[in-house]
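Try each one before reading its solution.

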Amino acid sequence: MPEKGFQQNQTILETREITMRFGGLEALNALSFCIAPHQIVSVIGPNGAGKTTLLNAITGVYSPNSGEILFRGMPISGLKPFQITARGINRTFQQVQLFSNMTVLENVMVGMHPRTKSGFWDGLFHFASERREEKKIREKAETLLDSFGLLPKAYWMSAHVSIADQKRLEIARAMAGEPELLLLDEPVAGLNIRETEAMGDLIIKLKQTGQTIILVEHNMHLVMGISDWVIVLHHGAKIGEGRPEEMQKDSRVMEAYLGT
Amino acid sequence: MGKKNKIYLLAYALIIFLVPAIWKNNYHLMVLNIAALNIVVVIGLNLLMGFAGQISLGHAAFFGLGAYLSAIFTATFGFPLWPTIILAMVITGMVAYAIGIPTLKLEGHYLVMATLGFNVIIYILMIQLDGVTGGPSGFPGIPRLQVGGFVFDSDRKIYYLLWTISVGTLLLSLNLIHSRVGRAMAALSHNEIAARCAGIDTESYKVKVFVISAVLASLAGSCYAHYITFVSPGTFSFFYSIQVVTMVLIGGIGSLWGSVLGAILLTILPEILHAVKEYNVLIYGIILMVVLIFFPQGLFPVVAGIFRKRKEEARSGMELVPRKGP
């Protein structure tokens with residue numbers, strides 16, 4: 001794994017009082033938290049708690065109404081999604097969003113866009129430098145697919161592989177952008193028990209390479225099994241955070257989930 | 001670009017350049033010359049429609065800008081020919097940029113409205129500014145194309161020049177879509193949110209593709225003006241914009257080879273239908289309807305499907321990489 005250029009104990013991502021309103025609805029309400037690097041941090045909460053909105057705010061799909069998001073100490077709120085991806089945050093989606101008109105391999109090759117340079121003129125004339133870069137892109141994409149167990153399906157159309165493979169592919173595409181922070185939005189939704197376990201193993205493997213991961217997930221078994229830290233949202237506000245075993249016992253969390 | 005595409009392109013170029021040796025009829029060659037220019041416009045438009053997910057209904061105006069700028073600069077002001085063609089392309093590109101910046105930042109199909117309006121404006125200007133453009137009666141006496149003293153003064157001579165430009169455009173465009181930039185374009189036209197989150201500056205790409213598209217139309221327009229040596233507003237009306245969009249759709253949106261097919265077919269078809277004089281518009285319309293109803297993906301995927309068995313390839317029509325397996 002390449003050196004991430006970032007020291008332990010520091011905060012990789014910090015949100016300061018971010019508020020996100022849709023009409024009268026406050027999807028995020030003065031939400032503040034810090035994420036330490038090289039950890040799996042899970043964001044949980046009942047449906048409508050604002051988890052996906054939070055990911056959309058971090059990645060620039062939405063711009064928060066107020067508050068600030070700092071990535072490696074630099075403010076990123078207000079930047080466009082492609083600028084945030086270039087700075088090192090990449091994500092997957094709750095509903096798989098692949099380029100279904102492309103092969104599995106091409107999807108990963110697109111993911112390498114922010115880390116490669118060839119422009120329009122290179123594209124038109126296929127200069128030697130462009131051909132070299134293209135070869136590198138292909139090789140790196142194949143290596144990445146191999147580590148995700150998808151190499152045998154590299155030339156399949158991405159729409160034709162199983163949901164589990166599509167979810168893996170989406171993560172592979174995100175990793176192709178060499179993110180420092182990876183956001184996973186419900187990576188095991190719709191997967192069976194065996195596939196869920198395999199996905200859990202994959203996420204742990206990613207963490208072992210030094211990857212920082214924010215995981216939004218409803219599957220409590222998975223969340224409690226692999227997370228280093230858990231943040232609980234309810235109605236757009238943070239109602240608790242701590243180690244998984246602490247959160248399982250927390251009365252506010254129980255209340256939000258079970259209504260007792 | 002894959003090896004296969006290179007072989008197709010070579011075969012295509014060979015056939016194209018053998019045609020005048022076999023076909024002696026000058027009128028037929030003239031129709032093919034117009035087809036060559038239409039191919040340039042249609043490929044440019046297909047880059048926009050198939051790879052940026054946007055539609056322009058103003059390509060006749062960009063074609064016209066190229067033609068009139070070339071005519072005015074060379075015939076009226078005596079500018080040298082080839083630099084003028086480049087200058088016309090640059091000016092047209094800047095105009096497209098000015099239209100694209102505000103409209104492509106908005107989500108949705110605002111570009112259609114803007115280009116439609118632009119086409120109408122340019123058409124009116126061509127008619128009203130008669131001191132410069134010659135007004136409704138047109139602009140005669142545009143110098144012929146020439147290279148180093150060699151004047152392309154017959155349909156046969158100019159055939160080679162126009163088709164070189166046409167094949168060159170196809171080659172460069174195929175190169176483009178088989179590159180990092182082309183992949184990004186294909187991604188953004190298919191799933192814009194995913195493309196943005198994968199780190200692609202979708203707004204900037206859309207504007208760039210639109211500019212390229214307009215510049216290609218301008219190039220074709222300039223060549224048209226210097227070939228026919230006379231331009232009049234009627235050629236650049238909204239109807240031609242619709243025609244080139246139809247050529248893209250008939251050939252297959254997102255397929256550059258399809259654009260070649262669509263442009264050639266729809267340039268030749270009206271000429272063939274002259275034989276059935278009073279019914280030609282009717283038959284032309286029926287053919288378009290039948291194709292679009294039964295082959296909504298365009299004709300090229302159908303033609304390609306006859307030669308290739310894999311349906312997936314035919315459906316995507318993009319041949320980004322050679323597909324092995326499953």
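**Exercise 1: two domains in chain A**

In this predicted model, chain A splits into domain 1 (1-88 + 179-260) and domain 2 (97-178). Work out how far apart the centres of the two domains of chain A are, and which elements of domain 1 of chain A supply the side that touches domain 2 of chain A.

*Solution.* 

- Start with the centres: taken over C-alpha atoms, those of domain 1 and domain 2 of chain A are 26 Å apart.
- Next, count who takes part. Domain 1 of chain A puts in eleven residues and domain 2 of chain A puts in ten.
- Now look at the domain 1 side. At least two residues each come from α2 (81-87), β7 (181-185) and α7 (193-208) of chain A. The largest share, three residues, belongs to α7(A).
- Finally, sort that side of domain 1 of chain A by class: eight nonpolar, two polar and one charged residues.

**Exercise 2: a helix pair in chain B**

Find how helix α2 (residues 26-51) and helix α10 (residues 202-228) of chain B run relative to one another, then classify the residues in their contact.

*Solution.* 

- The axes of α2(B) and α10(B) come within 8 Å and cross at roughly 170 degrees.
- Angles over 145 degrees count as roughly antiparallel, so α2(B) is roughly antiparallel to α10(B).
- Pick out the residues. On α2(B) they include B:Leu37, B:Val41, B:Gly44 and B:Phe51, and on α10(B) they include B:Phe210, B:Ser213, B:Cys223 and B:Tyr227.
- Sorted by class, the contact of α2(B) with α10(B) has 18 nonpolar and three polar residues, with no charged ones.

How values were computed
Residues are numbered from 1 along each chain as its sequence is written. Chains are lettered from A and ligands numbered from 1 in the order in which they are written. This is a predicted model: local features need pLDDT of at least 70, side-chain atom pairs count only at pLDDT 80 or more; totals for chains, interfaces and linings use all residues. Axes are lines fitted to C-alpha atoms, for helices over the stretch in contact, and angles run from 0 to 180 degrees between N-to-C directions. Helices (H or I, at least four residues) and strands (E, at least two) are DSSP runs, numbered from the N terminus. Angles under 35 degrees count as roughly parallel, over 145 as roughly antiparallel, 65 to 115 as roughly perpendicular and the rest as oblique. Two residues are in contact if their C-beta atoms, placed from the backbone, lie within 7 Å. Ala, Val, Leu, Ile, Met, Phe, Trp, Tyr, Cys and Pro count as nonpolar, Asp, Glu, Lys and Arg as charged, and the others, Gly among them, as polar. Domain bounds come from an automatic or database domain assignment.
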